[in-house]
Amino acid sequence: MKAGPAIREERLHDRLARFARIGATARGGVNRQALTEGDREARALLAELGRTRGFAPRQDAAANLFLRREGRDPSLPPLMLGSHLDTQPTGGRFDGALGVLAALEVLEALEDAGVETPRAVELACWTNEEGSRFAPGAMGSQAFAAGALAPEWLEARSPDGARLADELDGTLRALPGVPIARLGTPLAAYLELHIEQGPVLERENIPVGVVTGIQGTVWLEVVIEGRAAHAGTTPLAFRRDPMVAAGAILHTLHEGIMPGDDDARFTVGRIDAYPGSVNAIPERVTFSVDLRHPDAETLGELERRVRAVCRREAERAGCALTLRPLVHMPPVAFPAAMVELVEAGARRAGLASRRLVSGAFHDALYLASRAPAAMIFCPCRDGVSHNEAEDVEPRFVAAGATALLEAATGFLRSSAPAAA
Ligand code: GLV
Ligand code: MN
Ligand code: MN
């Protein structure tokens, strides 16, 4: 008799190392941004690994990629396990890849053990979770949940000048034998393993984080337009300098938002001055705002404050202001039954766990609007992520994948149709 399904740690570690080579950076990280050649290569490898085990691949118009391990009743909606393979420009080896490859490991563990599941189990690899090349982040899962890609996304340009619609097309064509299904196929539930990307679990030496929900995120693009003029000849009274406004805005918001609220997060990660000449007052300054809070109402208040400060300082500097909303993700709470399912799985596997709220957004946020969803977190070294130094101890990788397997098998048992 075959043993029950079990995670094969070595296989999972080898896979993580293999995918980390695709887009590897000199500093030990990964640059495999959404819909680039590297992303396509990683998707092709995933599809190939799935095919080898008999897991049928399919994609959709958002270039989400799925692998399906069929169940006893193909008409039942599948249990879906997933995450993403795209990375930040200076990303790490685990953000996203861990969840995708642990999901593959769960499918393989079921296959190795010859387990027939009552319903199919599908791996989902979501497109453009990071959002750094094309906003918004979690684009693939959002499109899947909505059943369509937002038309305005398709014309979006990346900082390298590529158009999203072309990049999606090229990515779909890069997997010629893989059928394209409609966006938003039904699912019974969704589970995602991810690194915590923060310090809580490591500090407490707890291998399994049971995620109760995801805090809200707002992204804005702020464009301040003044007048280009000579740096050496233009006296103060004749200047309409957008950099003056940007400086005042950043100072005011950095001083005001996070020191005033421990749960708030305010980040300006991208700033650009046009034309970017040493001896010209810039015509235009553009910067990004990433604003987060677990409470929807407070997040709304913070956004209003950011907008008001931008308006005030642009006006004071004699400049025009355009505020473009890029992302609006309200906080989400996962259903209690799913949180308990993950907790019970960790307990069965003898793994200590604790509950926590996710500070990062994840594809699970959008899947939660389609089906009961939950997430599991792994501790990561020094709590560091969105950084090439991102690392996870092998024992925590194994624990996270085991917790995912336990949660998955727990769900399959509890959702199995009663025998006739
Ligand atoms: C995800 O990458 C996030 O920015 O939270
Ligand atoms: Mn991620
Ligand atoms: Mn990320």
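Helix α10 passes helix α12 in a right-handed crossing. A crossing is right-handed if the near helix is turned clockwise from the far one by less than a right angle, and left-handed if anticlockwise. This is a predicted model, in which local features need pLDDT of at least 70, side-chain atom pairs count only at pLDDT 80 or more, and totals for chains, interfaces and linings use all residues. Residues are numbered from 1 along each chain as its sequence is written, chains are lettered from A and ligands numbered from 1 in the order in which they are written, and side-chain values use heavy atoms, with hydrogens and water left out.

## Helices that pack on α12

Helix α10 covers residues 336–348 and α12 covers residues 394–414. Helices here are DSSP runs (H or I, at least four residues), strands are runs of E (at least two), and both are numbered from the N terminus. The axes of α10 and α12 come within 8 Å and cross at roughly 120 degrees. That makes α10 oblique to α12. Axes are lines fitted to C-alpha atoms, for helices over the stretch in contact, and angles run from 0 to 180 degrees between N-to-C directions. Angles under 35 degrees count as roughly parallel, over 145 as roughly antiparallel, 65 to 115 as roughly perpendicular and the rest as oblique.

Which residues of α10 and α12 meet? From α10 come M338, L341, V342, G345 and R348. From α12 come E406, A407, G410, F411, R413 and S414. Contact means heavy atoms within 4.5 Å. By class, this contact has 5 nonpolar, 3 polar and 3 charged residues. Ala, Val, Leu, Ile, Met, Phe, Trp, Tyr, Cys and Pro count as nonpolar, Asp, Glu, Lys and Arg as charged, and the others, Gly among them, as polar.

Helix α1 (residues 9–20) also packs with α12. Their axes are 10 Å apart, at an angle of about 110 degrees. That makes α1 roughly perpendicular to α12. E9, L12, H13 and L16 of α1 meet P394, V397, A398 and A401 of α12. The contact of α1 with α12 has 6 nonpolar, 1 polar and 1 charged residues.

## The manganese ions

Now to the metal sites. Donors are N, O and S atoms within 2.8 Å of the metal (3.2 Å for Na, K and Ca); water is not among the atoms, so sites may look incomplete.

| Ion | Protein donors | Distance from the ion |
|---|---|---|
| manganese ion (ligand 2) | H84 (NE2), D95 (OD), H194 (NE2) | 2.0 to 2.2 Å |
| manganese ion (ligand 3) | D95 (OD), E130 (OE), E130 (OE), H386 (NE2) | 2.1 to 2.4 Å |

Which residue coordinates both ions? D95 does, and the two ions are 3.5 Å apart.

Along the chain, the donors of ligand 2 follow the spacing H-x10-D-x98-H. D95 lies in the loop between β3 (79–84) and α3 (97–112) and H194 in strand β6 (residues 189–195), so the pair ties together parts that are 99 residues apart in sequence. The donor residues of ligand 3 are spaced D-x34-E-x255-H. Here D95 pairs with H386, which sits in the loop between β17 (373–378) and α12, 291 residues apart.

H194 is buried at 2%. H386 is partly exposed at 41%. Buried means under 20% relative accessible area, exposed over 50%, and partly exposed in between (1.4 Å probe, protein chains only).

## Strands β8 and β13

I224 is in strand β8 (residues 216–225). T286 is in strand β13 (residues 284–293). I224 is buried, at 0% relative accessible area. T286 is buried too, at 18%.

R284 is also in β13. R284 is partly exposed, at 26%. From R284 to G226 the C-alpha distance is 6.1 Å, across 58 residues of sequence. Leaving aside neighbours within four places in sequence, the contacts of R284 include V223, I224 and E225.

## Helix α4

How many residues of α4 (residues 139–146) are buried? The count is 6 of its 8 residues, and the helix is mostly covered. The buried residues are M139, G140, S141, A143, F144 and A145. G147 follows α4, with a positive phi near 80 degrees.
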